[in-house]
Amino acid sequence: MSQKAEETLSLDAAFAALVALRATRPLVQNITNYVAMTISANVLLALGASPAMVHAPEESAEFAAISNALVVNIGTLSPPWVEGMRRAIGKMRELGKPWVLDPVGCGATAYRTGIAVELAALGPAVIRGNASEIMSLAGASGAGGKGVDSTDSSDAALDAARALARDTGAVVAVTGETDYVTDGTTLVAITGGHALMPLSTALGCALSATVGAFASVRPPLEATVAAMAVYGAAGAEAGARLTGPGHLPAELLDALHGIDAAAIARNASIRVLAGEAV
Amino acid sequence: MSQKAEETLSLDAAFAALVALRATRPLVQNITNYVAMTISANVLLALGASPAMVHAPEESAEFAAISNALVVNIGTLSPPWVEGMRRAIGKMRELGKPWVLDPVGCGATAYRTGIAVELAALGPAVIRGNASEIMSLAGASGAGGKGVDSTDSSDAALDAARALARDTGAVVAVTGETDYVTDGTTLVAITGGHALMPLSTALGCALSATVGAFASVRPPLEATVAAMAVYGAAGAEAGARLTGPGHLPAELLDALHGIDAAAIARNASIRVLAGEAV
Amino acid sequence: MSQKAEETLSLDAAFAALVALRATRPLVQNITNYVAMTISANVLLALGASPAMVHAPEESAEFAAISNALVVNIGTLSPPWVEGMRRAIGKMRELGKPWVLDPVGCGATAYRTGIAVELAALGPAVIRGNASEIMSLAGASGAGGKGVDSTDSSDAALDAARALARDTGAVVAVTGETDYVTDGTTLVAITGGHALMPLSTALGCALSATVGAFASVRPPLEATVAAMAVYGAAGAEAGARLTGPGHLPAELLDALHGIDAAAIARNASIRVLAGEAV
């Protein structure tokens, strides 16, 4: 693998990206689901970004013009929200700014899958989902990959992720016990996080918001890997202090707010797997 | 009272129902109000269920087809959401799966009361509300019961609850300092909870979500009594650790996540009052 | 300055207003953004008020008829919500009851600014925003004031606040490190709060909800000053116990729930600046 990948896809690079994020305080527009809004906003604030929730078609594009990144999450979608998404995405594309797609629940209903396929074709910088969502989206997009099974591990979705990345041009992240990130060629595995995280709602959605913030200061592959490492390290730190899920959002925010290079190194790992058989 | 009621409406039965819930990890669809979404999702996760928030008419019925239970809460209703409720309910009825109605604020406006009456006639397995809501719904449904008074205690709503249960075929729960559950014949009183609970928003709504999860593994009367006992015990445990309401949601989640038979026995009681004068 | 101002715009008066609020338990209707709903409801409960979130045009006016105060926040606005706002506001005006406007993000898009200008002309008792929002609203309303700059401090917005107050007849509050409140003549500076507060989403929105609760028991100027002092004192208390933003909402709720005259005196200050050059 290239010297460059080793340098830019590393824990040191992740921390440097966080420092850049804190210095620029990017404005991140979120058109996200009702459950994810508060935790997404608070995660962005704890990271050092500036969140905004602006979804209406009447203003979503105008707001996108002043945003540094856009995060689109279809968790609780409905037609007027989808129209707001389309317009904001259109403006980001026009201006060459990054946007992130979180295809929540793709595969669960025809409506949801159809919208996910439509949006995935609109040039997201990054698509982040769990194994089932990514496999469903890859299959429905005609990019290939296997069918959906709710017990799919993130490992099983790697083929689908690579196919989806090649088909859409997006960096694709499959999150689970180990997170995988690929641009269709390079494949990166990131560890971190904590077993309590799936027991607290919308922490995956807030990770997508985090990816958006990093995408405003780094290219998509590097941004996504950095976001996974920083968030995973903060999650590991937070979870280690707890025995139940109740205080996890608050502890995660505190961990993100105070995180430094040493904490990232202690709690996360990045391994570049490009070209290796996995 | 029957031997059967003593066995199935007991703290032991409540814990057995929780064990069954954790084993089956039911998918609970919620069409609920904006304030209740996050805490409902987190309560369901802490219990061991799998929450989903899917409300749009374009997909609510298709999603209901894969859900194990549906919870409909009218707290922040509007016409497109009501249409989503109708379609999801229709699918649950068609497939013989349970759904729970939480008639938040019934009696406060004509629109709200009308929707509550309409939905109550669509065969909910359980209706859960506070005394005023149940009395208002019973009155507006023509089932009988007295007028609304915001100072009504749950005791005062017992006649309305029984009338509403007989009229709709639903199990009706009236929650307050003591919770009452009736199918129109059997009447059960459950204690538990904590004085801080009414100071934390949407904990009643999250209880309705809990009833939905239990209704996927037990018949309605037994499910509702079990949900009240488990939730009440967790609330009592959580409240006892606090002096203010701020951390109550987090502590409630931790209590639900870790609850066992001994904690239920220590913090809740179930008394079957069928046929007794109350 | 008058003897009366010294008496009614003081920490003692703020605590007396809180006592009155707790005694009357006002019903505060909120038509607010999705992010602010839960924390607004919990802040109102912790204060001793009774919150309700009722936004649909089908019922917002009927509900306003039974509310003691209304809070309108345009954070995540869309046309049906704006229609619900208009109808609720119309009913409050008809019945002579107070309503509060929080012009979130005014100036960011033409749609948002237009709605803020429209609503500001409908007789709010109080308008509360940050420096940029107040300056933008004053400018767009033709009331005068400078252009928008995201780095505007609350001090820089004082001219705009006074102009807006004179133009609309509302009390105008500009919140920041120091909060300023004016009715166009009297100007009051309130200190309190904590540096962590801007890192936790929607705490400004929840302050607007707090102003609404106080406006149901005191005239607008006195109510707004009291709300700022009580909320600022609670925020200062809460922040002092923390090193990160994660638990701030919970600690703020506990501080509001337990606050007394001594805690207000320790953690906030009120200075009446009427007629002084500022």
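Helices, and strands too, are DSSP runs numbered from the N terminus, with at least four residues of H or I for a helix and at least two of E for a strand. Hello everyone, and with that in hand, let me start at the end of one helix. H2(A) is followed by Arg25(A), which has a positive phi, near 45°.

Before going on, a word on what we are looking at. This is a predicted model, where local features need pLDDT of at least 70 and side-chain atom pairs count only at pLDDT 80 or more, while totals for chains, interfaces and linings use all residues. Residues are numbered from 1 along each chain as its sequence is written, chains are lettered from A and ligands numbered from 1 in the order in which they are written, and side-chain values use heavy atoms, leaving out hydrogens and water.

Back to helix H2 of chain A. This helix covers residues 11-24, which makes 14 residues. From first C-alpha to last, H2 of chain A reaches 20 Å, close to the expected 20 Å, where the expected span is 1.5 Å times one less than the number of residues. Which residues of H2(A) are buried? They are Ala13(A), Ala14(A), Ala17(A), Leu18(A) and Leu21(A). Down the axis of H2(A), the buried residues fall within an arc of 145°, so they line one face of the helix; the arc is taken from the directions from the helix axis to the C-beta atoms. On the other side of H2(A), Asp12(A) and Ala23(A) are exposed. For the terms, buried is under 20% relative accessible area, exposed is over 50%, and partly exposed is in between, with a 1.4 Å probe and protein chains only.

Now to salt bridges, meaning a side-chain nitrogen of Lys or Arg within 4 Å of a carboxyl oxygen of Asp or Glu. How many does the whole structure hold over all chains? The search finds 30.

Let me pick a few. In chain B, the side chains of Glu94(B) and Lys91(B) form a salt bridge at 3.5 Å, N to O. These two are 3 residues apart in helix H5 (residues 79-95) of chain B, so about one helical turn separates them. Glu94(B) is exposed at 58% relative accessibility, whereas Lys91(B) is partly exposed at 22%.

Asp159(B) is exposed at 57%, but Arg162(B) is buried at 17%.

In chain C, Glu222(C) pairs with Arg218(C), with the closest N and O atoms 3.2 Å apart. Here Glu222(C) is buried at 15% and Arg218(C) is partly exposed at 23%. Over in chain A, a network of salt bridges links Glu83(A), Arg86(A), Arg87(A) and Glu118(A).
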